[in-house]
Amino acid sequence: MSSDTQATAKLMIQGTSSSVGKSVLAAAFCRIFYQEGYKVAPFKAQNMALNSFVTIAGGEMGRAQVVQAQAAGVDPDVRMNPILLKPSGPAGSQVIIMGKSQGNVTALRYHGEYQRMTWPYVTEALHSLLDEYEILVIEGAGSPAEVNLKSNDIVNMRVAMEAKSPVLLVADIDRGGALASVVGTLELVEPEERAMIKGIIFNKFRGEIKLLQPALDFIEEKTGIPVVGVVPYFKIRIPDEDSVALSEAVEKPSVSLEQQLDVAVIRLPYISNFTDFDALQDEPDVSVRYVTERSNLGKPDLLIIPGSKNTLVDLRFLHDSGIGEQILALCGEEVPVIGICGGYQMMGRLVKDPLHTESELEEVAGLGILPMVTEFYPQKHTVQSKGTILTDQGFFKACTGETVEGYEIHMGRSMLDEGHLPLFNLTSNGESNLDGLQSGNSYGTYLHGIFDNDSLRASLLNWLWERRGTRRPVEASLSQAALRESAFNELADLVRQNVDLERIRDIMGLKADS
């Protein structure tokens with residue numbers, strides 16, 4: 001492929017605001033073009049999210065671009081998301097550049113000198129992808145009309161201009177005010193930026209399209225820009241980009257369902273990688289709920305303490321809220337508890353951060369469920385891991401010796417007390433290491449994506465039903481890989497049916513006979 005950016009077809013998805021569905025629509029177009037035989041890749045210059053992933057090469061990137069890469073049928077690559085911001089406090093974030101952590105930076109400093117410094121990384125990653133792929137589907141962030149942030153923009157119109165990419169502007173019509181948000185956005189961008197916007201998509205539409213037609217006619221007449229799609233509201237299981245989905249979820253008290261297991265996940269203030277639990281949510285006999293109030297914890301079939309971007313602060317939250325005390329009470333009643341990454345660390349006796357890698361706290365007493373101590377170090381451990389299940393305790397009895405895989409993202413190192421055996425023997429980058437710990441019905445691991453292992457997940461769910469004194473009401477766990485492919489294809493079909501794909505191809509400069 002020529003290094004000339006004109007040789008690659010581009011399509012950029014920008015929004016009138018955050019959470020209009022840019023990420024999912026970008027994934028849809030990645031899958032549509034992949035189905036048509038193109039070599040396609042996603043790109044988002046800068047992502048702010050606590051859901052991240054580790055590539056084969058050990059680089060950390062935003063989960064949304066991982067999902068889009070999977071939709072495009074290619075391996076995730078940090079160039080697809082060269083800048084990742086992981087909020088670690090009210091006014092600061094950990095900055096990941098080309099997959100590697102650069103430490104924490106305040107918002108004020110980042111939106112000045114630091115953001116200007118990251119632009120060369122963005123352009124290098126962008127042009128290298130343009131050199132390698134036939135189509136690049138680019139995603140913006142938030143709105144391109146944020147005038148207070150525009151001078152340091154590295155993710156919206158500046159990227160569109162750099163890539164010479166046409167832009168589709170997306171509005172969430174389910175919220176109301178979509179027409180005003182489209183017109184307002186077009187009024188606030190610069191004339192040369194407005195010229196890049198070649199089409200408008202209204203997303204999350206519910207109702208009769210004929211009743212919407214006068215509004216579509218008005219928008220086209222008012223702006224001179226065609227409406228190229230009205231995508232209906234849908235519920236197809238595509239992993240969410242950030243915790244907006246959690247903030248919109250209603251917290252539920254403990255439930256007792258005859259045909260479903262009650263799985264409670266502690267919704268920590270700095271919860272990360274909550275996509276770890278998508279595989280459980282996909283199971284028809286599982287109800288997953290997120291809990292922030294002690295009174296709503298109840299007595300679930302399984303309690304999960306998830307990952308955290310600020311482990312010590314979230315551990316302090318568990319103590320101060322009384323949730324930590326309630327977790328210990330549930331352990332005393334033999335309720336199974338699983339901790340992942342930061343949640344695993346919190347289950348030990350003590351968590352230490354002497355160099356303040358995550359917060360101003362130096363150490364916080366752990367929950368004391370697992371016999372170990374964790375200390376934080378400046379070097380971040382980011383690897384894909386694969387190995388063998390060692391233990392035969394609890395739900396692991398049915399899958400001892402089988403393969404387990406996932407990925408690790410942590411700065412803490414946990415030291416197990418002598419005489420305690422780990423859960424897994426893992427291999428990462430050619431090196432072996434032991435991971436995980438069990439005590440009674442409590443388990444902990446650094447391995448993200450653990451529930452994506454079909455056999456392990458089935459063993460867990462069968463065990464939980466046995467604890468209820470009954471057999472599991474479904475015959476087998478669903479294959480996560482098959483579910484993901486089915487969801488991508490369903491999403492592509494839905495979007496294809498509700499956008500003017502021929503017009504979009506024309507906007508991109510794709511020939512009809514390509």
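A residue is partly exposed when its relative accessible area lies between the buried limit, under 20%, and the exposed limit, over 50%. Lysine 204 has a relative accessible area of 23% and is therefore partly exposed. In this predicted model, lysine 204 belongs to strand E11, which spans residues 197-205. The phi angle of lysine 204 is positive, near 65 degrees, although the residue is not glycine.

Lysine 164 also has a positive phi, of about 55 degrees, and is likewise not a glycine. This residue sits in the loop that links helix H4 (157-163) to strand E10 (167-172). With 49% relative accessibility, lysine 164 counts as partly exposed. Most residues other than glycine have a negative phi.

## Packing of H1 and H2

The axes of helix H1 (residues 22-35) and helix H2 (residues 63-72) come within 7 Å and cross at roughly 20 degrees. H1 is therefore roughly parallel to H2, and H1 passes H2 in a right-handed crossing.

On the H1 side, Ser23, Ala26, Ala27, Cys30, Arg31 and Tyr34 take part in the contact, meeting Ala64, Gln68, Gln70, Ala71 and Ala72 of H2. The contact residues comprise 7 nonpolar, 3 polar and 1 charged.

## Nonpolar cores

The largest nonpolar core contains 92 residues, and those with the most contacts inside it are Phe29, Phe33, Phe43, Ile135, Val159, Ile201 and Phe202. H1 supplies the largest share of this core, 8 residues. A second, separate core has 62 residues, including Ile304, Leu330, Ile340 and Met347.

Leaving aside residues up to four places away in sequence, phenylalanine 202 touches several residues, among them Ala171, Ile173, Leu179, Val182, Leu216, Ile219 and Val231.

Note on methods. Residues numbered from 1 in each chain as written. Predicted model: local features only at pLDDT ≥ 70, side-chain atom pairs only at ≥ 80, totals over all residues. Heavy atoms only, no water. Axes fitted to C-alpha atoms, helices over the stretch in contact; angles between N-to-C directions. Helix = DSSP H or I, 4+ residues; strand = E, 2+ residues; numbered from the N terminus. Parallel < 35°, antiparallel > 145°, perpendicular 65-115°, else oblique. Left-handed = near helix turned anticlockwise from the far one by under 90°. Contact = heavy atoms within 4.5 Å. Nonpolar A, V, L, I, M, F, W, Y, C, P; charged D, E, K, R; others polar. Core = buried A, V, L, I, M, F, W, Y, C linked by side-chain atoms within 4.5 Å. Buried < 20%, exposed > 50% of the residue type's maximum accessible area, 1.4 Å probe, protein only.
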